Amino acid sequence: MSNRKDNEFDVIIVGGGITGAGTARDCALRGLNVLLIERHDIATGATGRNHGLLHSGARYAVTDRESATECIEENMILRRIARHCVDETDGFFITLPEDDLAYQTKFVESCTAAGIRAEIIDPKEAIRLEPSVNPDLIGAVRVPDGSVDPFRLCAANMLDAKLHGAKILVYHEVIEFIKEGDTVRGVRVRDNRSREIKDFYAPVTVNAAGIWGHHVAALAGANIGMFPAKGALLIFAHRVNSIVINRCRKPANADILVPGDTVCVIGTTSTKVPFEECDNMYVTPDEVDLLLTEGAKLAPALATTRILRAYAGVRPLVSADNDPSGRNISRGIVCLDHETRDGIKGFVSITGGKLMTYRLMGEQAADLVCKKLNINKKCETAVLPLPGSEGGKTEEVSKKIWSVPSAPQKAAAGRAGTRAKVIPLDNPLDQALVCECEEVSSGEVRYALDHLEVDNLVDLRRRTRVGMGTCQGGLCACRAAGMIAEARGCAEKAEADLKGFLNERWKGMYPIAWGNTLREAEYTQWVYNYVLGLNEQ
Amino acid sequence: MEFDVMIIGGGLAGLTAGLALQEKGKRTAIVSAGQNALHFSSGAFGLLDREDPFGAVAELDEDHPYARIGADSLRTFAEKAKGLFARAGIELNGNPLGNGFRLTPQGALKRAWLTLPEVDLFPDEAAVKGHKVLIVNLLGYLDFNTSFLALGLEKKGCTCRVETLRLPEMERLRQNPSEMRSVNIARVMDNAWVKVAGEVKSLLKDEDWVILPQVFGLRDATVPSQIRETVPARVLFVGTMPPSVPGMRTQMQLKRAYEALGGTFLMGDEVLSAETGEARVRSVETRNIGRIGAKDFILATGSYFSKGIASDMNHVYEPLFAADVIQDEGRGSWYDPNFFNPQSFLSYGVATTPGFKVLKEGVPFENLYAAGSVLGGCRSLALGCGAGVALVTALSVAETI
């Protein structure tokens, strides 16, 4: 393979979400020469727009046994391979006075049958363990739910793929498939920044584009009946609960509250949306009202807790019936060999599924790719830890790197795990904080700019959490933009980025801008549009 | 405790009203909860973002405070404002009857009316063209973006060189990851400025302008002019990310001048409730002092940031008197999805009579006046009239009382 051209690969993966990242990692670990292309940045679709729930599978135990079993198996795997992305919180399924307590019995039986530990606990004990829970609860079941940082998980998979030779091209979009007869030979892509057109070749192309996979498949001449189901969520400024809280009833709106880092997230709604809207998800006042009303039933404190932002994602469900809400469609994995299904050779789609089952999706896709390439290599993603998660408890990682870690060093280790050792954080200049809310230091920002394929401020936020805290970028956005300008020597682009970043933050803020969020918004408006005069630029 | 006038709020409007009333011989007190808009000042005051601010009054909505005052009185108050500051020891730059421009930290020019002493006021856009500029920052200081400043100036035909100073005096600050902020640096610079001036002088080549961040003169207002005397080029001090060092110093200077005139400044205190009846305010209850009575009261509590107005999911309200608030019905109409477009919520505030008496359920309080950004109908960010409204309405209310 040494005389292969640099635009030839064993496999091309389309989509830089968690599914694409997991597939790329799996293929790269099996020794394949991998190219991953993503039209925006990593984790810009549903990957970055969900609860960050490490499902135990209990939610699906009654209605979808297959998904439930997949979830609990993957849950246990992620605790081992992605420990720096996972928070082992446990979860409650609570029964409120208006719910049917009889459902609890069925729920526990179904969990047990699916291999999910489900333990009925006394409501008083539930309140003692999770003081934020609605004190009116009449029943509680404890299950092994947790939380997972999807950005970190996606980035770690990408990084491992890269460490095993994969090439990753962000801001590259497939514009057509290069076909010979009924065989896909590769893809023609456009660099969305330079507008340059490039061709890449591989015997197999994997469509892992989430809801946009519908469009990608159509480009190749295949039809996947997808069902774009919008889910809206709210992030609160405090970690109100320390244990995931769910409702013990059939899955419905706004019935999961997940703690993550210093915040918590309530969601979701479920509404079918047209494909045209998938690129521009916004949250309506009605959705906010519904999320708050239902959320306060799980934890009454939510009614008075500051909301940081509202956001929405689109689940890449595959249509199975005429259910208008999408709630009853299976969350199961759909791995399509378009050769047998549609007569298109060299083309595979991996879709359906969920964040929790991304690794298994990657495994199934990689198995199919290997079969097509006649390669007999076993999947190793379930046993090899992701970069950052090798050995040791997360809390101890910073002490192994620095004998007396400072607050910014601890924060970096919390995000990057053992990979924090490669981030320059030894001198005071590197430790100077860019983002106070999230304790992101200059060293982390510089490292991300130099090594993590950051094009703009929003990309930087996905990799470092800059601007994700209480002030939503009020101060740090300008600092980080200045650092980008210096690192890249292009102030003009950095200034345009800063405007883009502020608009992106505002998009999530205005649906919930009242109280302190409105105060923050007024302040940010005056600083950027008056003191700095950014609106004039 | 009894006063002639009790002023709620120690920002620009409250202090201006206090100074004007003390000069008239009234016995006044100001309750100040702490931070106010001077803490994120641009270093310049805006009257109205129009070439001819007085001529443009006729175009304003009838709710706008200037429309109520009228162009003629606006001129009088505008001139009075500059005089009042001068008597408080602050020589503002600019002609109170006209507009000029200030240089923003992005290197943009924004219309300004009067500026704080160290902030340059340019007569026109041409004054910023074609200069050779040395921009000097302090190592590790992220809140002064030299790249953006240089970009903006280069677009205006200037050539820029950026240098960074490493001062041993700042090493201690640098040891703490969150200490490199304007006010902390300014405290160091109160003593270290001589050294900075010397270093700047030695860095200077053929540049005719030097730009420094606004981190000088927190304690001693004369430091910026002393630096100017040392460096053989025109020295400009350009804004940083908040807090604003010139703004904070100005607030302290105004407070001292107010106290020198016999005013009572209740720092760090807060009005918790008010006793009202028969369309009059009888007294207010503060956290530290308790009941304070007065003949007249001025509501100068600012807008959202200073908590002069607040909001819940569906309403914007005035928390102290439940005064009427000018606002749009329904949260959906409060915002524009584009951050850089004018935002409706920024124009909300207290409704008053044309003489700034506060309305509650349509009925004015006989002895409660509103001044500054608590007032509704200003659109002060879009119109660039925030400081102007604070000064002018405070002077107008003081005259009425």
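Visitor: Where in chain A is the place of A:E453?

Guide: This is a predicted model, in which local features need pLDDT of at least 70 and side-chain atom pairs count only at pLDDT 80 or more, while totals for chains, interfaces and linings use all residues. Residues are numbered from 1 along each chain as its sequence is written, chains are lettered from A and ligands numbered from 1 in the order in which they are written, and side-chain values use heavy atoms, with hydrogens and water left out. Helices (H or I, at least four residues) and strands (E, at least two) are DSSP runs, numbered from the N terminus. With those terms, A:E453 has its place in the loop between α14 (442–451) and α15 (457–464) of chain A.

Visitor: Does A:E453 count as buried, partly exposed or exposed, and what is the case for A:R465?

Guide: Buried means under 20% relative accessible area, exposed over 50% and partly exposed in between, with a 1.4 Å probe and protein chains only. Although A:E453 is not a glycine, its phi is positive at about 50°, and A:R465, in the loop between α15 and α16 (476–488) of chain A, is likewise a residue other than glycine with a positive phi, near 75°. A:E453 has 33% relative accessibility and so counts as partly exposed, whereas A:R465, with a relative accessible area of 11%, is buried.

Visitor: Which residues is A:I211 in contact with, leaving aside its neighbours within four places in sequence?

Guide: A:I211 is placed in the loop between β13 (204–207) and α7 (213–220) of chain A, and it counts as buried because its relative accessibility is 3%. Contact means heavy atoms within 4.5 Å. Once those neighbours are left aside, the partners of A:I211 are A:M226, A:F227, A:P228, A:F275, A:C278, A:V314, A:R315 and A:P316.

Visitor: Which residues of chain B does a cis peptide bond join?

Guide: In chain A, the peptide bond from A:G267 to A:T268 is cis, with omega near -10°, and A:T268 is in the loop between β17 (263–267) and β18 (271–272). In chain B, a cis peptide bond with omega of about -5° joins B:P242 and B:P243.
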